[in-house]
Amino acid sequence: RIYTTVGPVLIAVNPFEKLPCMGHEWAEAFRQEGRSGTIETAWQRLGPHCYGTMEQVYKGLARHPKQAVIICGESGAGKTYTNRLMMEYLLKTEDRGAAGRDEGLQGGGAGDPGLVC
């Protein structure tokens with residue numbers, strides 16, 4: 001596992017390679033959990049993940065529009081890559097949400113990807 005949590009803080013270890021848990025299937029699984037449950041159920045079913053953090057941010061934007069996500073670490077720790085994953089997740093989630101509001105569409109999730117990250 002490359003992710004763990006300490007309270008509300010997500011901790012990641014850079015694996016120095018692309019893992020399956022950084023793909024679209026995992027992003028869709030967290031979006032599905034976000035639509036059908038809470039972030040707590042997503043953490044229980046899928047484990048800690050940067051996509052889960054962004055799902056929590058996305059859901060919280062309606063209640064608290066002024067939010068910040070702090071990504072810190074040493075040089076080479078994977079901050080830029082994690083930031084890119086998180087921003088892509090947020091943008092794709094908002095695109096899907098906007099489509100659903102405008103056109104009555106509902107996106108489907110990939111379900112449990114069955115992977116360990």
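**Largest pocket.** I looked up which elements line the largest pocket, and found that strand E2 (9-12), helix H3 (50-60) and helix H4 (79-103) each supply at least two residues of the lining. I note that the model is a predicted one. The space in this pocket comes to about 760 Å³. I then listed the lining: 32 residues, with Leu10, Ile70, Ile71, Thr82 and Met86 nearest the centre of the pocket. By class, I recorded 20 nonpolar, 8 polar and 4 charged residues in the lining.

**Aromatic pairs.** My next search was for ring pairs, and it gave a count of 2 aromatic pairs. One of them is formed by Tyr51 and Tyr89, which are stacked, with 5.3 Å centre to centre and 20° between the planes. Because Tyr51 belongs to helix H3 and Tyr89 to helix H4, this pair ties together parts that lie 38 residues apart in sequence. I checked the accessibility of each partner. Tyr51 has a relative accessibility of 4% and is therefore buried, the cut-off being under 20%. Tyr89 is also buried, at 1% relative accessibility.

**Glu33.** Is Glu33 buried or exposed? With a relative accessible area of 8%, Glu33 is buried. I then listed the contacts of Glu33, setting aside neighbours within four places in sequence: they are Thr38, Thr41, Ala42, Arg45 and Leu46.

Note on methods: Residues numbered from 1 in each chain as written. Predicted model: local features only at pLDDT ≥ 70, side-chain atom pairs only at ≥ 80, totals over all residues. Heavy atoms only, no water. 1 Å grid on protein atoms, 1.4 Å probe; cavity = no way out; pocket = protein on both sides within 12 Å on 5 of 7 lines; lining within 4 Å. Points joined across faces, edges and corners; volume = space filled by probe spheres on them. Helix = DSSP H or I, 4+ residues; strand = E, 2+ residues; numbered from the N terminus. Nonpolar A, V, L, I, M, F, W, Y, C, P; charged D, E, K, R; others polar. Buried < 20%, exposed > 50% of the residue type's maximum accessible area, 1.4 Å probe, protein only. Contact = heavy atoms within 4.5 Å. Phe/Tyr/Trp six-rings, centres within 6.5 Å; stacked < 30°, edge-to-face > 60°.
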